[in-house]
Amino acid sequence: MSTISFIRRGRGVIFTAFLFTTFIIGITGALQSPTLSQFLSFEVHAEATFVGIFYSVNAAACIIGSYLLAKYSDKKGDRRKIVILCCLMGIANSIVFAFSRQYFVLITFGVFFAALSSAAMPQMFALAREYAVKTGRNVVTFNSLIRAQMSLAWVIGPPLSFALAINYGFTTMYLTAMTMFIVAMLSVAIFLPSVEKNPTKALNNSADTAVINQPIFKNKNVVCLLLATIFMWTANMMYLIDMPLYVYSVLHLSSSLPGELMGLAAGIEIPAMLIAGYLVPYLGKRNLFFIAVVCGILFYIGMIIFTDELALFVIQIFNALFIGIVANIGIIYFQDLLPTRMGVASTLFNNGIICSIILAGMLQGVLSENFGHEIIYWIALVMVTISLLFCALVKEGKN
């Protein structure tokens, strides 16, 4: 075997390992998140207020934990070792949830381990970006394929989560998540490389260095992109929370329709991500972001106007294009704006989504209770429109 073919085969194994590991880590989240409220309510017997408190505390802890690990990883940490640490924390978290039914234990030890394990996915994306740059791969296409694995995990994970919890119990479900963390950890330890950081290659001149190394929240491009991300994802999360209730109680349609709509959107998102990745060199990230947000605006206009099943199915195309493009290009956009801080960039995108979950949960409950479900989609439309305005203030970023 020639040296070139050996190197190519080695890179093929590493590329496959990136895809496989991302999928497995995605499965762990897709197993644990969908049934968490049921677990707290039925197994722990927590009241609704304490379920809400748990979600808020857990989200805040994940934002802090992942951000601190991101800052450390960008300065001197080995991302590969950090992902392994995150998987170990995920194993500990799964064990706590599998065998404890004490609310205090879960909201302390469980949340602590969850906060550290939550950095696994952003660190994977940061490691993948640095590896793609080092090996001369197409960064956007590489990220698109990896991001698609996460979406695929969320197509498979939630039904599997409910099936395991209902048929075999929550202990089995959390032990399955623990097994997935072990598999992911072994994949990282055996197949993924440690990538030496060389941030100077990402910079063109001292002016770039001054802008990129300024404090995050003094960087106008980063702040505007973060605000755009929060607004658009809050709209999406409000939709995901409210839509099943809206379809059943207001439109009086089939109770199985929400799952079918979500499944269709998730299925379309994957090719949308891949196609968007190939279009970046031709259209640019900024233009693709505009296209995605306009699709989001059209989707929420459709949710306001249409009330029959067929129309709701059709407008999922706009929803899938909106989320598929934003989910793929968004993280690359942050990385290009912060090329010397890949961990922080990837984590900012991830934490923007977590903030959106918190906001959406609070807003959806208050708004729907006081003004009805229809108001949710008007507010979502306004939020996506505001995100378009913030996107207009963000520069393209450097590849």
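Guide: Helix axes are lines fitted to C-alpha atoms over the stretch in contact, and angles run from 0 to 180 degrees between N-to-C directions. Helices are DSSP runs of H or I with at least four residues, numbered from the N terminus. This is a predicted model, in which local features need pLDDT of at least 70 and side-chain atom pairs count only at pLDDT 80 or more, whereas totals for chains, interfaces and linings use all residues. Residues are numbered from 1 along each chain as its sequence is written, and side-chain values use heavy atoms, with hydrogens and water left out.

Visitor: Are H7 and H11 roughly parallel or roughly antiparallel to each other?

Guide: H7 and H11 (residues 257-283) pack at an angle of about 175°, with axes 8 Å apart. Angles under 35 degrees count as roughly parallel, over 145 as roughly antiparallel, 65 to 115 as roughly perpendicular and the rest as oblique. The two helices are therefore roughly antiparallel.

Visitor: How many residues of the contact of H7 with H11 are charged?

Guide: Contact means heavy atoms within 4.5 Å. Asp, Glu, Lys and Arg count as charged, Ala, Val, Leu, Ile, Met, Phe, Trp, Tyr, Cys and Pro as nonpolar, and the others, Gly among them, as polar. The contact has 11 nonpolar and four polar residues, and the charged ones number two.

Visitor: What is the handedness of the crossing of H12 and H16?

Guide: H12 (residues 285-305) and H16 (residues 374-392) pack at about 165°, with axes 9 Å apart, which makes the pair roughly antiparallel. A crossing is left-handed if the near helix is turned anticlockwise from the far one by less than a right angle, and right-handed if clockwise. The crossing of H12 with H16 is left-handed.

Visitor: How many nonpolar residues are in the contact of H12 with H16?

Guide: Among those that meet are Phe289, Phe290 and Tyr300 in H12, and Trp378, Leu381 and Val384 in H16. Beside three polar residues and one charged, the nonpolar ones number 16.

Visitor: How many charged residues are in the contact of H10 with H14?

Guide: H10 (residues 220-249) and H14 (residues 316-337) pack at about 150°, with axes 11 Å apart, and they are therefore roughly antiparallel. Their crossing is left-handed. Trp233 and Tyr239 in H10 are among the residues that meet H14, where Phe322 and Phe334 take part. The class count is 13 nonpolar, five polar and, for charged residues, none.

Visitor: Which helix supplies the largest share of the lining of the largest cavity?

Guide: On a 1 Å grid over the protein atoms alone, a cavity is a set of points where a 1.4 Å probe fits but cannot get out, and lining residues have an atom within 4 Å of a point. The lining comprises Phe125, Ala128, Arg129, Val139, Phe142, Asn143, Ile146 and Gln335. The largest share, four residues, comes from H7.

Note on methods. 1 Å grid on protein atoms, 1.4 Å probe; cavity = no way out; pocket = protein on both sides within 12 Å on 5 of 7 lines; lining within 4 Å.
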